[in-house]
Number of protein chains: 4
Amino acid sequence: MLNFASDNVAGCCPEVAQALLEASTGTTPSYGNDEWTRTTEAELRELFEKPDLVAFPVLTGTAANCLALATLCPPWGTILCHADSHVNSDEATAPGLLTGGAKLVPLTGADAKLTVESVREAAATAGSRGVHRAPAKALTLTQATELGTLYHPEEIEDLCSAAREHGMAVHMDGARFANAVMALGVSPADMTWRLGVDALSFGATKNGAWAAEAVIFFNPDHAEAFQYHRKRAGHLLSKSRFLGIQLSAYLQDGVWLRNAAHANAMAAMLSDGLTEVPGVELLLPTEINEVFVRLPDTVRAALIAAGVIVAPWPDLGPGAVRMVTAFDTRAEDVATVIATAATA
Amino acid sequence: MLNFASDNVAGCCPEVAQALLEASTGTTPSYGNDEWTRTTEAELRELFEKPDLVAFPVLTGTAANCLALATLCPPWGTILCHADSHVNSDEATAPGLLTGGAKLVPLTGADAKLTVESVREAAATAGSRGVHRAPAKALTLTQATELGTLYHPEEIEDLCSAAREHGMAVHMDGARFANAVMALGVSPADMTWRLGVDALSFGATKNGAWAAEAVIFFNPDHAEAFQYHRKRAGHLLSKSRFLGIQLSAYLQDGVWLRNAAHANAMAAMLSDGLTEVPGVELLLPTEINEVFVRLPDTVRAALIAAGVIVAPWPDLGPGAVRMVTAFDTRAEDVATVIATAATA
Amino acid sequence: MLNFASDNVAGCCPEVAQALLEASTGTTPSYGNDEWTRTTEAELRELFEKPDLVAFPVLTGTAANCLALATLCPPWGTILCHADSHVNSDEATAPGLLTGGAKLVPLTGADAKLTVESVREAAATAGSRGVHRAPAKALTLTQATELGTLYHPEEIEDLCSAAREHGMAVHMDGARFANAVMALGVSPADMTWRLGVDALSFGATKNGAWAAEAVIFFNPDHAEAFQYHRKRAGHLLSKSRFLGIQLSAYLQDGVWLRNAAHANAMAAMLSDGLTEVPGVELLLPTEINEVFVRLPDTVRAALIAAGVIVAPWPDLGPGAVRMVTAFDTRAEDVATVIATAATA
Amino acid sequence: MLNFASDNVAGCCPEVAQALLEASTGTTPSYGNDEWTRTTEAELRELFEKPDLVAFPVLTGTAANCLALATLCPPWGTILCHADSHVNSDEATAPGLLTGGAKLVPLTGADAKLTVESVREAAATAGSRGVHRAPAKALTLTQATELGTLYHPEEIEDLCSAAREHGMAVHMDGARFANAVMALGVSPADMTWRLGVDALSFGATKNGAWAAEAVIFFNPDHAEAFQYHRKRAGHLLSKSRFLGIQLSAYLQDGVWLRNAAHANAMAAMLSDGLTEVPGVELLLPTEINEVFVRLPDTVRAALIAAGVIVAPWPDLGPGAVRMVTAFDTRAEDVATVIATAATA
């Protein structure tokens, strides 16, 4: 089986897996008081050039996003997001539950990207009837987006400015943050707080960890509320070292960037190869580790016959599929896929 | 450091750690569709002699307990629990959040154990004023209890009968279920569904896993609601194999029972040794892997000086402490503690 | 001041006001056990030709809608509604709070009316990713709509059929139900349960009461859950006779229909008169007691100068306003408005 | 029937009933922008000698209490209350729902009164385990209490001081505030904010209105959050004049105090008369408009035969009943009750 359905079909990268094994013995304080969790926060402070940021590990992206939003938005507020965002499309009713009932308002925009215009308009609408509406209090954007596209830093800055003007805090869903950093060649700081981002879901799961995300607040005042939100959602781990080890190994010696660079390179190879196959249509630019293509029926049948798994993506029309690469995708497997498609 | 503060200061037992390493490569379907998650359910069905049970892995005990209760109790119901129970004392406002606002009513009872009388009385009170009160819809009991004591099967049966008469479903918090099974020598089935238990938080974290509990429903009708509750709380793992591997390794070849047997034996040794030290008072019978003692100041000082960490337990009075053993507690360390105390 | 901003700027119709005065003395059981509340339910059963319906008075439309939806939809479900519906546009975060976090998905459609196509598509989308999405469990439609338009019975039937096929219950927001009944000349039964509607917010406030709506379930099985939902939202009135009196006086001798007939007639007169004024544009057909027009600046200025209050309605474009008539709108005041506009 | 079961079996006092009738015609802005609502706030500012207080009418006591608490306490906090308090005993799961899941911790204390000791102890317990517990953030006390007893001002002051020291805000449930003011002869200011009370549920329903309570915050900073909480619970009335009229008529010319004085006097007469009847035992001092007595079976039978309705109060033991007087209780009816009892 060559499974390209998602980057979450992969396991755990060797550096993280090995670190977990090595640190599995001995005792250490629990509930976030272990040394690895502290190390992780210290490393993130350095990485983001922000000595007062606070970082809290959680286990899933849904928890990271929704608990961050619960911290930034009162339960009577509106959260603006893209209609295609994970928080709107794939987190079921988690936003409603974990924020205490805040209103998620999905906006449209090409390539899964929010536009300043739609944000301004939605904020004005949300704020136009006093208590009869839920005022816009938070904006969430995904970098890289769920369609594998990227916001350029100036776009993020413009969205943050618009958010600020309308009284919104800004959250960034960085489930594929590493892939975005590598693709844009921009420092973590220059893609987040320097542009006005207040909180980041710093994803590690899709890029080599088992189950680890860090919620980062660039203003430490958010720490207290977040910690209570995390606890009451059942996301404070007793053996917190398990999270700390994953994240510290992930950050050490550039593992996280190497993993992302590899995944991005594999996607580029896949994208380049497939688009040369007659009848294959590239539906979106391949900017990170995701390839969205329309496949002719013959190609699709050939891939299935060869045991290649892709994800149907009906939102992009009939025949559209998503293929995702990961830290462990092998070049020879990509070559096999291309060859299979080319000879279909 | 000899850390006896809790069984969550331990890491991960070698069988689980090794299994995680070995299964860290290759691709597999995500979100619960991996083979290890399926294997785990199959193993639990056999272990509990109940071919139609459903089992769902989650990452923390708080999640296991509160999501199970959310499934058993409507948001307008009352949940009866012991005042000393984890769900009442250590899960903050998680029960309120995850059940949608159900009312947790704590009851008293010696040794952290519920009595049939207090359950009947509380159920009658809860049900006595129509919609002005929240009718009792669920009962949760902890086996073994938070004070390291055990319900005998007939006590559980009586509580389940009382619950049933008053229209309550029964949940068992089994954070230390393995220790209870070993201590009582009773089969899993004979301690749960055969007595009337509807749902069990089957804990693995404290007994050798990193972060893994299985929520078991003995009636498969609860599956649908639980799966939505789990997802909306952010507890559905993408790389679900991480949970499946832990649990399948934990269940294989009796690892879970060996771990518990060892922890229980270490606690017995510790308890026996300490109670022979003049001035040390055993506050509760040592039935599983927890020892509750009152230490004279001199003994306490000597332990601190020797780097022994214990947990102050003020609920049991001044000088009271809890000491917990785990799968990896070493007999020589227990001997050191006893010797240190004896010569204080 | 001639206030046409809404039908809630009116007071209370004389029949209701007088009944309240007369029944203000003496004692009666509280919390819904008074005779007027029982009478109201009996009258509604007769009126709707449904002897087993259950009816519960509440005080506001927001409570009626959201508590009905909380009863019909699990907290993990999706509720489909029109983007212009009151529940989406004017009830802030009440749906999220009172349903326990269900997801409100707004649909578009001309004249504030849902279409079968958009309902089917949204239901398919909501149901397309298992637990990662919130399955569509309820549909809410407003009759008459927030833009003063009407669903014809066959349209309601088609929507109910589509809802049923996709596993949704159907709620009707009848804040202006009386106006719709009078406008269409259709019996209450033929506009609701005979077409497949499960629950109705039967509004009285806008049509002559002070603060009274009845939530009607055509299937009595919904009674238990609703009563708990109502209580926990603080909407169970102690002196429930206050609600019962309003509703029984409202229903007696056709008061509710006379009030609606009058309001509708006044709106028709206003609409006819205004559309003859050069430059005034009728934006929607005037089917009930609401008139949506675009006013030239001169006309608008003249109305303001004459003390006529209208509600700006920017959703319909620049210059758009809403004018609403009520049970107590006077024909001479309508004539004054028309004359003022005509001579502007 | 002579119904002494509660003060909510009464109707509406003539001043309020008449004012409602008179103000039922004409148009006025809705949603709190009517003149009566403004007048009410102005009157309360004068009455409480606090020009910057903010006051918001709601319809029920449950709404008043729970929405006030939602404003004072974060969803992850603990609210301390008396076990016999209305919020704990008679508001079902409303506190959990409307606060977003805060934890209600009931305390014991004679005569339904909190003690400083139990408050301090509970606050310490709640705050003793970091995020694993819910820190005490609000204290609610009822004046007069649910057992008809009174806190003396110095007791309130002590409770407020203890609350402040532990980081709690203080809410007073004043469902029978008027009765307390008359009984103690203390000014409203001297019973609330001058002692440290932050928010008051100022009840009018039990003392002569149909359905009207004012939630008063002595610090206007609470206004914004409360208004959103009120709206999202469905408690913002469209025809808000209905609430404003009730409250302004209630406050005008001392109606509220006269009503309470009368009810208190009738209870004193009833209490004095009954306690002279052989075998009747007064269970609590009669301080306001509630009488708690144990009745011999013969007396009880005689009262039932005479059509006198009382409320069984099993919490005070077998044979215990509550009898409540109201603004409209007639002295001759009280005399009848006493005579009936005396000749039993």
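# Briefing: chain contacts in a predicted model

In this predicted model, 49 residues of chain C are in contact with 49 residues of chain D, contact being heavy atoms within 4.5 Å. Residues are numbered from 1 along each chain as its sequence is written, and chains are lettered from A in the order in which they are written. Local features need pLDDT of at least 70, side-chain atom pairs count only at pLDDT 80 or more, and totals for chains, interfaces and linings use all residues, while side-chain values use heavy atoms, with hydrogens and water left out.

**Chains C and D**

- About 4000 Å² is buried between chain C and chain D, and carbon and sulfur atoms give 58% of this area; buried area is the accessible area (1.4 Å probe) that two parts lose on being put together, summed over both.
- Trp210(C), Arg232(C) and Lys239(C) supply 21% of the area that chain C buries against chain D, more than any other three residues.
- Between chain C and chain D there are 0 salt bridges, a salt bridge being a side-chain nitrogen of Lys or Arg within 4 Å of a carboxyl oxygen of Asp or Glu.

**Chains A and B**

- Chain B is superposed on chain A by a rotation of 180° with 0.0 Å of shift along its axis (RMSD 0.0 Å), by least squares on the C-alpha atoms of residues with pLDDT of at least 70 in both.
- This is the relation of a two-fold axis.
- Ala233(B) has the C-alpha of chain B nearest the axis, 3.2 Å from it.
- The same surface serves both copies, as 100% of the contact residues of chain B recur in chain A.
- The contact takes 49 residues from each of chain B and chain A.
- Across the interface of chain B and chain A, 0 salt bridges are found.

**Helices at the interface of chain B**

- Helix 1 (14–22), helix 3 (61–72), helix 5 (94–99), helix 9 (223–232) and helix 10 (241–251) of chain B each supply at least two residues of the side that touches chain A; helices (H or I, at least four residues) and strands (E, at least two) are DSSP runs, numbered from the N terminus.
- Helix 1 of chain B gives the most to that side, with 4 residues.

**Chain A as a whole**

- Chain A has 13 helices and 13 strands.
- The C-alpha trace of chain A spans about 60 × 55 × 30 Å along its principal axes.
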